[in-house]
Amino acid sequence: MSRSVRTRPEGSGRSLGEAYDTALLDLDGVVYAGGEAIAHAVESLSTARAGGMRLAYVTNNALRTPDAVAAHLTELGIPTGADDVITSAQAVARLIAEQVPSGSRVLVIGGVGLRVALRERGLEPVESAEDDPAAVVQGFGGPELPWGRFAEACYAIARGVPWYASNTDLTIPGARGIAPGNGAAVEVVRIATGAEPQVAGKPLPPMHRETILRTGAQRPLVVGDRLDTDIEGAFNGEVDSLLVLTGVTDGAQLLAAPPEHRPTYVDADLRGLLGGQPEVTGDGSEGFRCGGWTATAGVERLELEGDGAALDGLRALCAAAWTAGGEEGCELDSGKALARLGL
């Protein structure tokens, strides 16, 4: 099914918490960073829940179990049950269970989250290629994962055992900065074997399917900080999305985004759930307007005139950039325009 190319963020006269029944929230960079709650996250989520919005937490990190994630969120002041947490470990376990016999052994290269998810699907986690596994699954195992685990995966894959990965995020944020993620570990095995895994996590359909099956959401809103996982996952699932600027995506990346990375809405943080979204008006001939700003696409750069809230200026710039970029993404210089907004 063809989809029209998004050329501007949408407006909403209702608060997003009222317009959507379920928020499908990423964790790192959205709710917390380095384990600590991001500013305004706890209060915003509490208010959204009190207004009737269901909150579900959707993470590509396969290391921790839903119980552990729920306990962490509850400690931060966000009361959460394990049923409200969906992980890529659960998505990949379902994918494997649909392709191998019940009770099959699965070689695990990763942490406890994968093992718990496999057992939930009636599969038996094992540690060695000599255990006659029916599948190999790889997920983030933390910085202590021994190098020998990658060798076990390679031995099994070389014998023709099918290979699965929870996700392929190359990096993962931590308290000290950006560290290698599961995608970097997957590259090690790919280089050694020449094989390609089946991948379950965001932005691919198995993760979206797992989320909808577990939440029963009828009108979900994906909330994330990454264009290549959260926003692309919403695009692939044909649902709306809210990008928050508390994580990895900056203004320049947003303006250069190709269609599959363009969110429905843009806001500073999770307070965006609590109010409406301003409309962007105008067209390419006279510029795009939001609040007190007008944005246009020049020959070499994006131009911005006016004054007002920085986010309104960014939304107007999105319309100018996305319209100019069409289906390819905008290559115009945005540095001066973003500097005016302090972004």
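The model is predicted, so local features require pLDDT of at least 70 and side-chain atom pairs pLDDT 80 or more, whereas totals for chains, interfaces and linings use all residues. Residues are numbered from 1 along each chain as its sequence is written, and side-chain values use heavy atoms, with hydrogens and water left out.

**The largest pocket**

Select F140, G142, P143, I172 and P180, which lie nearest the centre of the largest pocket among its 33 lining residues. A pocket here is an open set of points on a 1 Å grid over the protein atoms alone, where a 1.4 Å probe fits, with protein on both sides within 12 Å along at least five of seven lines; lining residues have an atom within 4 Å of a point. The space in this largest pocket is about 710 Å³, a volume being the space filled by probe spheres set on the points.

Next, colour the elements that each supply at least two lining residues: helix 3 (66-75), helix 6 (147-158), strand 10 (171-174), strand 11 (177-180) and helix 7 (182-193). Helices (H or I, at least four residues) and strands (E, at least two) are DSSP runs numbered from the N terminus. Helix 7 gives the largest share, 4 residues. The lining divides into 18 nonpolar, 12 polar and 3 charged residues; Asp, Glu, Lys and Arg count as charged, Ala, Val, Leu, Ile, Met, Phe, Trp, Tyr, Cys and Pro as nonpolar, and the others, Gly among them, as polar.

**The second largest pocket**

Move to R3, S4, R6, F235 and V239, nearest the centre of the second largest pocket, which has 16 lining residues and about 280 Å³ of space. Helix 9 (227-237) and strand 14 (240-244) each supply at least two lining residues, with the largest share, 3 residues, coming from helix 9. By class, this lining holds 6 nonpolar, 3 polar and 7 charged residues.

**V92**

Select V92 in helix 4 (residues 88-97). V92 counts as buried because its relative accessibility is 1%; buried means under 20% relative accessible area (1.4 Å probe, protein chains only). Show its contacts (heavy atoms within 4.5 Å): beyond four places in sequence, V92 touches L114, V137, Y164, A165, S166 and A200. A C-alpha distance of 9.1 Å separates V92 from E210, 118 residues apart along the chain.

**T215**

Finish at T215, in helix 8 (residues 205-215). T215 is also buried, because its relative accessibility is 10%. A polar atom of its side chain lies 3.2 Å from the backbone nitrogen of A217. Leaving aside residues up to four places away in sequence, T215 touches L24, R54, A56 and I86.

Notes. Buried means under 20% relative accessible area, exposed over 50%, partly exposed in between (1.4 Å probe, protein chains only). A polar contact is a pair of N or O atoms within 3.5 Å; within protein, one must be able to donate a hydrogen and the other to accept it, and residues adjacent in sequence count only if both atoms are side-chain atoms.
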